Amino acid sequence: MKKILVVEDDHRLSESVTKALEKEGYGCEPAFDGHMALKYFQQGSYQLVLLDINLPKMNGMDLCRKFRETNAEIPILIITAFGDIDSKMEAFTLGADDYLVKPFHLRELLAKVKVFLKRAEQPNAAQPLYQLQDIKLDPNKKIAIREGKEINLTPKEYGLLEYMLKNSNRIISKDELAMNLWDANYGVTHNTIEVYINFLRNKIDKEFEKKLILTKPGFGYYLNDQRDEL
């Protein structure tokens, strides 16, 4: 049975979410404050975390960071009343995989849960490295390596770089990135894509002379494979 940590201080909402998930055959562990959630996470084994931001004792942003430091693989879905872009960007920067704004339909939540847990069922066989020029992406350790230096990435940054490496022979539009790397219900904007490209550039380009992520204005992004500027 897949087990889900439900971190929500609203007892009525927590109960509704838990009952809906259990009806689908999932096991749930409700936590009502940050300290309780951290204790459960450290002592238990979960396949997914549903995480509110506005929590007593320790807020969800701090929890998200601690969860991600402990486990780089577990999906973290933020469920919160904070729908502003700054809160979303902070959550994604800290390692959240998706973001659902209250009030939401339980059917939408269940759909997201099923997607994340289905991905977790994929076999964990060793995967080959992706490489372009002096950068490598290790799908097994979920890190980038450039000039021998390991670069830690958030799940969203990793997914973005992986997609670009897999499609390094062409220009990739913002709409394509949004469609393939963000949930369709999230409504990601071009500004969000630009923010994440900048996050990635700061990690894999800033300290190196050769810039890998290039832009073709009006069209999208591509990786520098030493061809002439487009």
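Helices (H or I, at least four residues) and strands (E, at least two) are DSSP runs, numbered from the N terminus. The model on screen is predicted.

Stop 1: Select the loop between β3 (48–51) and α3 (60–70), where K57 is found. The phi of K57 is positive, about 75 degrees, although K57 is not a glycine. Is K57 buried or exposed? Its relative accessibility is 60%, so K57 counts as exposed, the cut-off being over 50%.

Stop 2: Go on to Q133, in the loop between β6 (130–132) and β7 (135–138). With a relative accessible area of 33%, Q133 is partly exposed.

**Stop 3: a cis peptide bond.** Select K102 and P103, which are joined by a cis peptide bond with omega of about -10 degrees. P103 sits in the loop between β5 (98–101) and α5 (106–120).

**Stop 4: the nonpolar cores.** Now select V7, V49, L51, L63, F67 and L161, the residues with the most contacts inside the largest nonpolar core, which has 53 residues. Helix α6 (residues 155–166) supplies the largest share of this core, six residues. Next, centre the view on L63. Leaving out residues up to four places away in sequence, L63 touches V7, G34, A37, L38, L51, L55 and M58. To finish, select I4, L50, V113 and F116, which are among the 17 residues of a second, separate core. In soluble globular proteins, nonpolar side chains tend to be buried together.

Definitions and conventions: Residues are numbered from 1 along each chain as its sequence is written. This is a predicted model: local features need pLDDT of at least 70, side-chain atom pairs count only at pLDDT 80 or more; totals for chains, interfaces and linings use all residues. Side-chain values use heavy atoms; hydrogens and water are left out. A nonpolar core is a set of buried Ala, Val, Leu, Ile, Met, Phe, Trp, Tyr and Cys residues joined through side-chain atoms within 4.5 Å. Buried means under 20% relative accessible area, exposed over 50%, partly exposed in between (1.4 Å probe, protein chains only). Contact means heavy atoms within 4.5 Å.
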